[in-house]
Amino acid sequence: MKLNLKIWRQKNNKTKGKIQDYILDGVEEDMSFLEMLDFLNNKLLNEGGEPVAFDHDCREGICGSCSLFINGVAHGPERGTTTCQLHMRKFKDGDTIFIEPFRSRAFPVIKDLIVDRSSFDRIQQAGAYVSVNTSGNTQDANAIPVSKEDADEAFNSATCIGCGACVASCKNSSAMLFTAAKISQYSLLPQGKVERKQRALNMVKQMDLEGFGACTNTGACEAQCPKEISIKNIARMNREYLMANIKK
Amino acid sequence: MDKENKVFSINELAEYLKVSKKTIRRHISSGKIKCSKVGGVYRISQDALDVFLNPDGNFSEPALNINPEKGEAKPFPIDSKVPFGSMENKWKNHKQNINLVSPANKRLIDVIVVGTGLAGASASATLAELGYNVKSFCFQDSSRRAHSIAAQGGINAAKNYQGDGDSVYRLFYDTVKGGDYRSREANVYRLAEVSTNIIDQCVAQGVPFARDYGGLLDNRSFGGVLVSRTFYAKGQTGQQLLLGAYSAMNRQINRGKIEMYSRHEMLELVTVNGKARGIIARNLVNGKLERHAAHAVVIASGGYGNVFFLSTNAMGSNVTASWKIHKKGAYFANPCFTQIHPTCIPVSGENQSKLTLMSESLRNDGRIWVPKKLEDVKKLRLKKIKPTEIKEGDRDYYLERRYPAFGNLVPRDVASRAAKERCDAGFGVNKTGEAVFLDFQSAIIRYGTEKTHSLGGDQNDKENVQNLGKQAIKEKYGNLFQMYEKITDENPYETPMMIYPAVHYTMGGVWVDYNLMTSIPGCYAIGEANFSDHGANRLGASALMQGLADGYFVLPYTIGDYLSADIRTGKISTDSPEFKNAERDVLEKLKGFIQNKGTKPVDYFHKKLGRIMWNKCGMSRNKTDLKKAINEIKELREDFYKNVFVPGELHEFNEELAKAGRVADFLELGELFAIDALEREESCGGHFREEHQTQEGEALRDDQNFNFVSAWEYKKTEKAKLHKEKLKFESVKLKSRSYK
């Protein structure tokens, strides 16, 4: 198929970027979206040009490196899919595709489609852990039973891949879903409950410091989350945060 | 005399040996008698005494490197430092006897860790926890994205929670046997020993493992074993374990004990007076080179499967860190031991960039088959019939046929070769002829019937049984089925999956001693980057175990033995000529790529290298092809340096430049890989030489001549030099591996 690509090009964070047009012929249905970009880059390189920079690594939907705003939707049109899992069979010959980076004040552009998501790491560093030492001399793993429902629910929250689609799709650039997923995971497990108050306070504080917006319950984050993390997590985080503030 | 747990004081020992106390003290201070200090007094263990009395005893015999031409015997040049004593006591005694660094002195010592996968992240966290100042490096934008995250099936541990006869010894035995007797026995035993701590540790960190309805941890079974010892979190175990280690790292970053450098790539090791003292790293965002100094450098940068271009590794996974230390003096061991994983999604087209694994755990419930009749194969390829239309009697469940004891759960190398054998015989079921079926229909019926029975439903209601069965399968493997459907556009609940083997893991890697130190003092290699634990084939769910064992529980102990001599060294300066020269060399190499006026992109060479490797050093190898491969790789390397095109500039984000550096290293490693495969004139584990097989086509090992680790020493101008570390098996008897 032949595609009309409109791609955001930006040399670095000091220069202004713009949308550039590319016509790409010979795209096959079985290619993944990123393989289509590889194909474009190969063409650009053979013509002596500079390839389009984009983040990617595992290409199986788990590392959370890939991003891309495709036709105005984070990770493209398919639900519950990362860009690397999106295949060109979902597009038609002659389609025009806009490809942009994830946009947020807290995600500055590094080059072309690559953004700096280290703000996410800093939120996690503020408290997304259990303060247990790594000596291995903890109690036996089966010493505290955890109900299957809680374990499964904690697992569902823990499947967040930290890609930032929630932020990119939110009109307020809120990182609530990301932060909430981690807070939820720990608040559901007995091991995480000990520090729940301080964790909620510290992580929310860091989230605000990074310049992410507030939540207005639009639900775009949940709709575009490639791992379909539930917005219920935000409710749980709000509860944790409120309780922590009351019982400070 | 009772050999177990006997401990002597100096007085007792003097009496026992009928010598003066002074003599004993002299031997202790000269190091001839190893002893530990307990509460201020010296105590000598029976094992240490045995060593003293019998220094040339068979357990301390140096490995022999016999040169057949001259008939002379040379010992392996470096001590593997395997402790003496019985297998069960080695690690325990070793921990008691090695030197430690006091908490106050740890603050004065810096350690660099390259890579943040399971091994790197867990090592960074624990070293920082202990008090060392840690600098961690990863090329990804966040340490959480290292490729351990993609591991699916699970992690082994000898917990025996299921009460099905598991034990440390059995896990150890399975791993040695699974590795086809080419791993270092003592290392494997230690791995099995610490495996149980890993699970305790991870649960304490809040890793949400799968649980049963009673709230306890659930297990499943993996290939090559007869017990259920695999802990899992759906098909995302690697993700959950890595996020656990990442959280432990975050805690230390928050404490200021780890400095995290993401989007940084190590490009050179700096040695001062023969010791590893730092690295040159490139900041991938601004392209600038940086010098980082430390008292020790730990390489945890994973495997080199991407030498095949197409593999299940992440796009960025590379051999560069390992290769750079190899070129500085670290031996590279068993490079030809590569794991080809049997259950991956088949290659679909020319522009494919990577392959996707379908977890081995699927073989618990999936049955592998191809049609019995070639006419059915033809119809399948032309899409004239559906796989579900082929009658039960016309299907060849070839693993169940050939290996009745283990069936679909034979180890990976065996399953891969069996698939290749059927496809080579013309029974491949897709258009390229390189695919077999993995079928869940019988499992769906089995689970469905079970569920219907417990709900009191009608077992003849086929639709209901099917629905309940599919639900049960979804519970277990939901995300894997979804992943399959996204890639192939086929629904695996309705039609069998199509799978084919693909490169997945590399058992070979940097040579390390029992302390995990490479042949460069102060330079360590952990996780997939080293060679020690998996021999010639890795069992499923053992990679995660090894990564975390090395990082959490082994390296943090053993590194103290080396660093205890460094407590007075003080800060290492980055202004020394060694750092300057290393930086200059790296800069020149990078400039060379940018200034090269070539025309072909980096991927062109990488793909070409991958094709050579897959066709000539892949699932089966022979002398003629390996020799051809060596020459072709040499030619390709020359072509690469002449004609590669790298756009852009040095001091900016430049992915093509980073890729060029990685491919340059793959082009050197590939050659050593082929040389190693050529030298090893036997078949073992993942290394199958066509010249060495039984009549039934099974691998034929040669313990007489090849019971050793091939440790290659880099030589600048001549061929790499082979050193042989002879393997000795004290607890396990060498026998031919059978899964029938």
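Q: How far apart do the C-alpha centres of domain 1 and domain 2 of chain A lie?
A: They lie 29 Å apart. Bear in mind that this is a predicted model.

Q: Which residues belong to each of those domains in chain A?
A: The domain assignment gives 3-110 for domain 1 and 118-246 for domain 2.

Q: And how many residues of the two domains are in contact?
A: On the domain 1 side of chain A there are 20, and they are in contact with 20 residues of domain 2.

Q: What area is buried between them?
A: About 1400 Å² is buried between domain 1 and domain 2 of chain A. Carbon and sulfur atoms give 57% of that area.

Q: How exposed is Cys215(A)?
A: Cys215(A) is partly exposed, with a relative accessible area of 26%.

Q: OK, aromatics now. How many aromatic pairs does the structure hold?
A: Over all chains, 39. One of them joins Phe76(B) and Trp511(B), and this pair is tilted. The ring centres are 5.4 Å apart, with 50 degrees between the planes.

Q: Where in chain B do those two residues sit?
A: Phe76(B) is in the loop between strand 5 (72-75) and helix 4 (90-97). Trp511(B) is in the loop between strand 21 (509-510) and strand 22 (523-525). The pair links distant parts of the chain, 435 residues apart.

Q: Are Phe76(B) and Trp511(B) buried or exposed?
A: Both are buried.

Q: What about Phe706(B) and Phe708(B)?
A: Phe706(B) and Phe708(B) also form a tilted aromatic pair, at 5.7 Å centre to centre and 40 degrees between the planes. Both of these residues are buried.

Q: Which residues form an aromatic cluster with Trp614(B)?
A: Tyr304(B), Phe308(B), Trp323(B), Phe332(B) and Phe673(B) form one cluster together with Trp614(B).

Q: Last topic, charges over rings. What sits over the ring of Trp8(A)?
A: The charged end of Arg103(A), at 4.1 Å from the ring centre.

Q: And which ring does Arg446(B) sit over?
A: The charged end of Arg446(B) sits over the ring of Tyr447(B), 5.0 Å from the centre of that ring.

Technical notes
Residues numbered from 1 in each chain as written. Chains lettered and ligands numbered in written order. Predicted model: local features only at pLDDT ≥ 70, side-chain atom pairs only at ≥ 80, totals over all residues. Heavy atoms only, no water. Phe/Tyr/Trp six-rings, centres within 6.5 Å; stacked < 30°, edge-to-face > 60°. Helix = DSSP H or I, 4+ residues; strand = E, 2+ residues; numbered from the N terminus. Buried < 20%, exposed > 50% of the residue type's maximum accessible area, 1.4 Å probe, protein only. Lys NZ or Arg CZ within 6 Å of the ring centre and 35° of its normal. Domains from an automatic or database assignment. Contact = heavy atoms within 4.5 Å. Buried area = accessible area lost by both parts, 1.4 Å probe.
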